[in-house]
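Keep the sequence and the model side by side.

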Amino acid sequence: MTHSASLTPEDLEFLARPLHGFLSVASGTQPPQPRPLWFEATAEGTVQFFTEPGSVKMRRLARDPRASLVVAAPVGERERWISVAGRTTVEADGVSDLVTRLAARYWDLDDPARARSLAAILGGELVRVVIHPETVHRYAY
């Protein structure tokens, strides 16, 4: 296992794949309760995702902006994972573009049902959350 304060080019390549991330947010006396989500690692070295402004994760991030995202290789591949932890910011801009990019990454948007699902997501109120890495842990076997 290795660690650093930022994502490496190899990390960014791994994180560009359509893998699910498991997000944990600080929650005081509650133990972490990771949730799977779509995410995007940016060329600037941040990690971003979208959510509804009234979600539990947003209420927790309002109290404590720290979060961690863990991404692992799927079964059948050599063991590999990356954990990114840091403070978050909530951004009002760019969320529609992010949702559209992620939907195309994870879904076949030629499927009419998926295209309708994307339209429904885009019709809701969303925010973009950015994790600014402070520590990155990684493991590859």
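M1, Y139 and Y141 make up a nonpolar patch on the surface. Patches take residues with over 30% relative accessible area and no salt bridge; like charges are joined within 9 Å, and nonpolar side chains (Val, Leu, Ile, Met, Phe, Trp, Tyr) within 5 Å. Y139 sits in strand β8, residues 127–140. Its relative accessibility is 30%, so Y139 counts as partly exposed. Here buried means under 20% relative accessible area, exposed means over 50%, and partly exposed lies in between (1.4 Å probe, protein chains only).

A word on the source. This is a predicted model, in which local features need pLDDT of at least 70 and side-chain atom pairs count only at pLDDT 80 or more, while totals for chains, interfaces and linings use all residues. Residues are numbered from 1 along each chain as its sequence is written, and side-chain values use heavy atoms, with hydrogens and water left out.

Now the overall layout. The chain has four helices and eight strands. Their order from the N terminus is β-α-β-β-β-β-α-β-β-α-α-β. Both kinds of element are DSSP runs, numbered from the N terminus: helices are H or I with at least four residues, strands are E with at least two. The C-alpha atoms fill a box of roughly 40 × 35 × 25 Å along the principal axes. Of the 141 residues, 39% count as buried. The chain exposes about 8,100 Å², and carbon and sulfur atoms supply 55% of this area.

How much of the contact set with a separation of 6 or more comes from residues 24 or more positions apart? The share is 72%. Contact means heavy atoms within 4.5 Å.

L102 is buried, with a relative accessible area of 0%. Leaving out residues up to four places away in sequence, L102 touches W38, F39, E40 and F50.

Two of these partners lead on to the aromatic rings and the charged pairs. Rings first. The structure holds four aromatic pairs. W38 and Y106 form a stacked one, 4.9 Å centre to centre with 5° between the planes. W38 is in the loop between β3 (35–37) and β4 (40–41), Y106 is in helix α3, and the two are 68 residues apart. Rings of Phe, Tyr and Trp (its six-membered ring) pair if their centres lie within 6.5 Å; planes under 30 degrees apart count as stacked, over 60 as edge-to-face and the rest as tilted. W38 is buried at 14%, and Y106 is buried at 17%. The rings of W81 and Y139 also stack, with centres 6.4 Å apart and planes at 20°. W81 belongs to strand β7 (residues 80–91) and Y139 to strand β8, so this pair ties together parts 58 residues apart in sequence. W81 is partly exposed at 28%. Ring pairs also link W38, F50, Y106 and W107 into a cluster.

Charged pairs come next. The count is five salt bridges, each a side-chain nitrogen of Lys or Arg within 4 Å of a carboxyl oxygen of Asp or Glu. R138 bridges to D11, with the closest N and O atoms 2.7 Å apart. R138 lies in strand β8 and D11 in helix α1 (residues 9–15), so the bridge ties together parts 127 residues apart in sequence. R138 is buried at 14%, and D11 is buried at 2%.

R101 and E40 meet in another bridge, at 2.8 Å from N to O. R101 lies in helix α3 and E40 in strand β4, so parts 61 residues apart in sequence are tied together. R101 is partly exposed at 39%, whereas E40 is buried at 14%. R128 and D93 also form a salt bridge, at 3.1 Å from N to O. R128 is in strand β8, D93 is in the loop between β7 and α3, and 35 residues separate them.

Methods: Accessible areas come from the Shrake-Rupley method with a 1.4 Å probe; for residues, only the protein chains shown count as cover.
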